[in-house]
Amino acid sequence: MSTIFSKIIAREIPADIVYEDELVLAFRDIAPQAPVHILIIPKKEIPTANDVKAADEAVLGRLFTVAARIARDEGIAQNGYRLIVNCNEDGGQEVFHLHMHILGGRSLGPMLAKK
Ligand code: 5GP
């Protein structure tokens, strides 16, 4: 089932795109939670981390190489950043098109909120 991210890939709705190649697209999150908050998505529709297949390994690897490139371009590589992939309800996933968040530009604190 297609999501809003497919519409961004198709340029049917606008997004602040920072990188694109044949496998992935990266754009700024509409509700940034850090000075740098960018989403990197496969162009292929993979709903969740549960749905990845061996055949997707190239595109999944590309998410990381593009994350490293974006971190360098955004000037956050040296100080550091966080990469997040949320899955389903307990993971807090809201958009069911697999995506990697890259967050940085400030100290991000502990990995998880304390309950
Ligand atoms: P999730 O919780 O699924 O890991 O993260 C989904 C992210 O997508 C959220 O951080 C949310 O702000 C972002 N988002 C949702 N809709 C849009 C949109 O239309 N445009 C952009 N740029 N980001 C979106």
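This is a predicted model: local features need pLDDT of at least 70, side-chain atom pairs count only at pLDDT 80 or more; totals for chains, interfaces and linings use all residues.
Reader: Which residues are linked with Glu20 in a network?
Author: Arg11 and Lys43 are linked with Glu20 in a network of salt bridges.

Reader: How many salt bridges does the structure hold?
Author: The structure holds seven salt bridges, among them one between Asp16 and Arg28, whose closest N and O atoms are 3.4 Å apart.

Reader: Where do Asp16 and Arg28 sit in the chain?
Author: They link distant parts of the chain, 12 residues apart, with Asp16 in the loop between helix 1 (4-9) and strand 1 (17-20) and Arg28 in strand 2. Asp16 counts as partly exposed at 44% relative accessibility, and Arg28 is also partly exposed, with a relative accessible area of 31%.

Reader: OK, and what does the side chain of Asp21 meet?
Author: The side chain of Asp21 meets that of Arg62 in a salt bridge, at 2.8 Å from N to O. This pair, too, links distant parts of the chain, since Asp21 lies in the loop between strand 1 and strand 2 while Arg62 belongs to helix 2, 41 residues apart.

Reader: Why does Asp21 count as buried?
Author: Asp21 counts as buried because its relative accessibility is 12%, and the cut-off for buried is under 20% relative accessible area. Arg62, with a relative accessible area of 22%, is partly exposed.

Reader: Switching topic, which residues make the nonpolar surface patch?
Author: Phe64, Tyr81 and Leu83 make that patch, which has an area of about 270 Å². Of these residues, Phe64 has its place in helix 2, the element that spans residues 57-74.

Reader: Which elements have the lowest and highest mean pLDDT?
Author: Among the elements of the protein, helix 3 (residues 88-91) has the lowest mean pLDDT, at 97, whereas strand 2 (residues 24-28) has the highest, at 99.

How values were computed
Residues are numbered from 1 along each chain as its sequence is written. Side-chain values use heavy atoms; hydrogens and water are left out. Patches are made of residues with over 30% relative accessible area and no salt bridge: like charges are joined within 9 Å, nonpolar side chains (Val, Leu, Ile, Met, Phe, Trp, Tyr) within 5 Å. Accessible areas come from the Shrake-Rupley method with a 1.4 Å probe; for residues, only the protein chains shown count as cover. A salt bridge is a side-chain nitrogen of Lys or Arg within 4 Å of a carboxyl oxygen of Asp or Glu. Helices (H or I, at least four residues) and strands (E, at least two) are DSSP runs, numbered from the N terminus. pLDDT is the predictor's confidence in each residue, from 0 to 100. Buried means under 20% relative accessible area, exposed over 50%, partly exposed in between (1.4 Å probe, protein chains only).
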